[in-house]
Amino acid sequence: MRSFLFVVLLLGTAFLLTACPQTPPPPPVNPAECPVGPLQAQATEEPLRLQGLGRFAGEYVPGELLVLPKPGLSVQALRAEGVEPQEALSQGLLRVKVPKGQEEAKARALLRAGARYVQPNYLYRPLRTPNDPLYTTQKVYLNNLLRLEAAWNLSTGQESPPLIAVLDTGILDHEDFQASKYLPAGVNLDVADGDADPTDRSADRGHGLAVASVLGADTDNALGMAGVTWGGYIVPIKVYFDKGNATTLTLLQGVRLARNLGVRIANISLGTNGYDGLLDQELAQARAGGMVIVAAAGNYRSPYPGYSSGGPVMFPASSPSALAVGAVDQNRRRASFSACGSELDLVAPGVGVLVAVPSGGYARFEGTSFASPIVAGVAALYMSKYASLYKSWPTPDQVYTCLTQTAEDLGPAGKDDEYGFGLVRADRVLTDTTYCFP
């Protein structure tokens, strides 16, 4: 047989390729150097080395267990424990039937009877992906960083939805965020102007809509973008004057209104340098009453004196009653504008975040203003799932512990001034059985 030698030149680099031996058909030749068809299966299997009890968390087939018995464990011994063998599997495993609701108890009994290892027969489902056409661009940060698809498979925020307040410039209707469906009748949601119309007419027009869309755009509706919650129950509270800013008084009134409405999560993507004692006291009372307050850490377009980039965490994010959220880019690096300091709790994507804009379209924005509602949305997913399981709301302390202790550590090991506890991880928040669902 003849071999042929080829040299391929690509950008000045020579690659030596040797063709597989060829013979003209017929008959076809299949030399050993160029195998075709299925590879031969391995004749032996690696023995299972698991011991003890598997984790009984998540979803699994009710009334079934997978058992790795020790030599000598008989069918009679299994039946004596109320367990019925169903099927012998490879590597010595058994699939057995047990009474529904007693899976973990029967697993422990089997270990005592002579099983080496027992676990549930877990259920695996396709991860939920919304059909919103712009989600393909959001996926880079919502799923690749936060693992939201795995979280959405467990909660979209609609099982037992918490009421979420967005204290901001007000709201505007948009094809992907119909503000009118969230407005409680007869309630003055414009605390700045003292009326029931929270329409945004401020100089920063559109900021409230952008924040609200990140948190809860109408999702899986084959239109526009996806929200972290799939259209969560969002109440826009306007704290901005039409021709001015928010003030201590408007924020006090806004937080108080949120408390009276039974709001469980409040997002505040506003900030000031300094400390506001009156507002801090109001936030403390809101948190003591069960409200989770999530606030943007702040943006600095030029370095603050004494900082190489960014600046100190702004208020109200710096309040002990708030979860302070900084921004990272899509490579998990702190955004240069993002505030930092010991008060920082978490970070979330804040660069190239897709938002709804007043024109009716969409744009990419950056800022801790848009990292904050991402964290507020993950908190809402957690609270919704928790309430559906336990029929009660988790406390703000529980939410804080869950989100911070499951975060992906970035920067120096442990909590640090640039990333806080790290990047919020939605998948861990919805599955953790140590800090979130003990």
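A residue is taken as buried under 20% relative accessible area, as exposed over 50%, and as partly exposed in between. In the predicted model, Tyr-60 has a relative accessible area of 22% and is therefore partly exposed. Tyr-122, at 24%, is likewise partly exposed.

The aromatic pairs of the model number 13. In one of them, the ring centres of Tyr-60 and Tyr-122 are 6.4 Å apart and the planes stand at 75°, so the arrangement is edge-to-face. Tyr-60 belongs to strand β4 (residues 60-69) and Tyr-122 to strand β7 (residues 115-122); the contact therefore ties together parts separated by 62 residues in sequence.

An edge-to-face geometry is also found for Tyr-275 and Phe-315, with 5.6 Å from centre to centre and 80° between the planes. Here the partners lie in loops: Tyr-275 in the one between β10 (265-268) and α7 (277-288), and Phe-315 in the one between β11 (292-296) and β12 (322-328), so that this pair ties together parts 40 residues apart in sequence. Tyr-275 is exposed, its relative accessible area being 61%, whereas Phe-315 is buried, with a value of 2%.

Tyr-382, Tyr-386, Tyr-390 and Phe-437 are linked by ring pairs into a cluster. A contact between a charge and a ring is formed by Arg-301, which is placed over the face of Phe-337 at 4.6 Å from the ring centre.

Technical notes: Residues numbered from 1 in each chain as written. Predicted model: local features only at pLDDT ≥ 70, side-chain atom pairs only at ≥ 80, totals over all residues. Heavy atoms only, no water. Phe/Tyr/Trp six-rings, centres within 6.5 Å; stacked < 30°, edge-to-face > 60°. Helix = DSSP H or I, 4+ residues; strand = E, 2+ residues; numbered from the N terminus. Buried < 20%, exposed > 50% of the residue type's maximum accessible area, 1.4 Å probe, protein only. Lys NZ or Arg CZ within 6 Å of the ring centre and 35° of its normal.
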